[in-house]
Amino acid sequence: QVQLVESGGGSVQAGGSLRLSCHASGRTLSTPTMGWFRQAPGKEREFVAAISAGGGNTYYPDSVKDRFTISKDYADNTMYLQMKNLKPEDTAVYYCGASISPRLDDMRRYSYWGQGTQVTVSS
């Protein structure tokens, strides 16, 4: 029933921008917390951004803060990750997920995941 489908990945040069989309089925967008994660080859999955059910609160780690922006559009049932000033270290597969926890800093409660979309940033 719950489906999350990422899109918008691609290859860009350092300093460029991309906008990732996560289309959510049904009422999934109203899950207490929605978020983005990424995983580079040989690395652990890394938290990127989180957003509250109403979209009014967001949370980012220092690695992407002031460069990435998470948002929702309920009309389109879609969560977005706007990425600017991309760096080679941003290269990874990006996943969207849904968490049952209302705490935006709680990384343990993500129950649903998409299949991921590849982002490649060249120097």
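Q: Which ring does arginine 45 lie over at 4.0 Å from the ring centre?
A: The ring of tyrosine 95. Arginine 45 also lies over the face of tryptophan 113, at 4.6 Å from the ring centre. A charge sits over a ring if NZ of Lys or CZ of Arg is within 6 Å of the ring centre and within 35 degrees of the ring normal.

Q: What kind of model is this?
A: A predicted one: local features need pLDDT of at least 70, side-chain atom pairs count only at pLDDT 80 or more, and totals for chains, interfaces and linings use all residues. Residues are numbered from 1 along each chain as its sequence is written, and side-chain values use heavy atoms, leaving out hydrogens and water.

Q: Back to rings. How many aromatic pairs are there?
A: Five. Rings of Phe, Tyr and Trp (its six-membered ring) pair if their centres lie within 6.5 Å; planes under 30 degrees apart are stacked, over 60 edge-to-face, the rest tilted.

Q: How do phenylalanine 37 and tyrosine 110 pair up?
A: Their ring centres are 4.8 Å apart and their planes are at 80 degrees, so the pair is edge-to-face. Phenylalanine 37 is in strand β4 and tyrosine 110 in strand β10 (residues 110-113), so the pair ties together parts 73 residues apart in sequence. Strands are DSSP runs of E, at least two residues, numbered from the N terminus.

Q: Are those two buried or exposed?
A: Both phenylalanine 37 and tyrosine 110 are buried. Buried means under 20% relative accessible area, exposed over 50%, partly exposed in between (1.4 Å probe, protein chains only).

Q: Which residues form the aromatic cluster?
A: Phe37, Phe47, Tyr59, Tyr110 and Trp113.

Q: New topic. Which cysteines form a disulfide?
A: Cysteine 22 and cysteine 96, with sulfur atoms 2.0 Å apart. The cut-off for a disulfide is sulfur atoms within 2.5 Å. The pair links distant parts of the chain: cysteine 22 in strand β3 (residues 18-24) and cysteine 96 in strand β9, 74 residues apart. Cysteine 22 is buried at 0% relative accessible area. Cysteine 96 is buried too, at 0%.

Q: And where is threonine 33?
A: In strand β4 (residues 33-39). A polar atom of the threonine 33 side chain lies 2.5 Å from the backbone oxygen of serine 101.

Q: Where does asparagine 77 sit?
A: In the loop between β7 (68-73) and β8 (78-83).

Note on methods:
Helix = DSSP H or I, 4+ residues; strand = E, 2+ residues; numbered from the N terminus. Polar contact = N/O pair within 3.5 Å; in protein donor to acceptor, adjacent residues only side chain to side chain.
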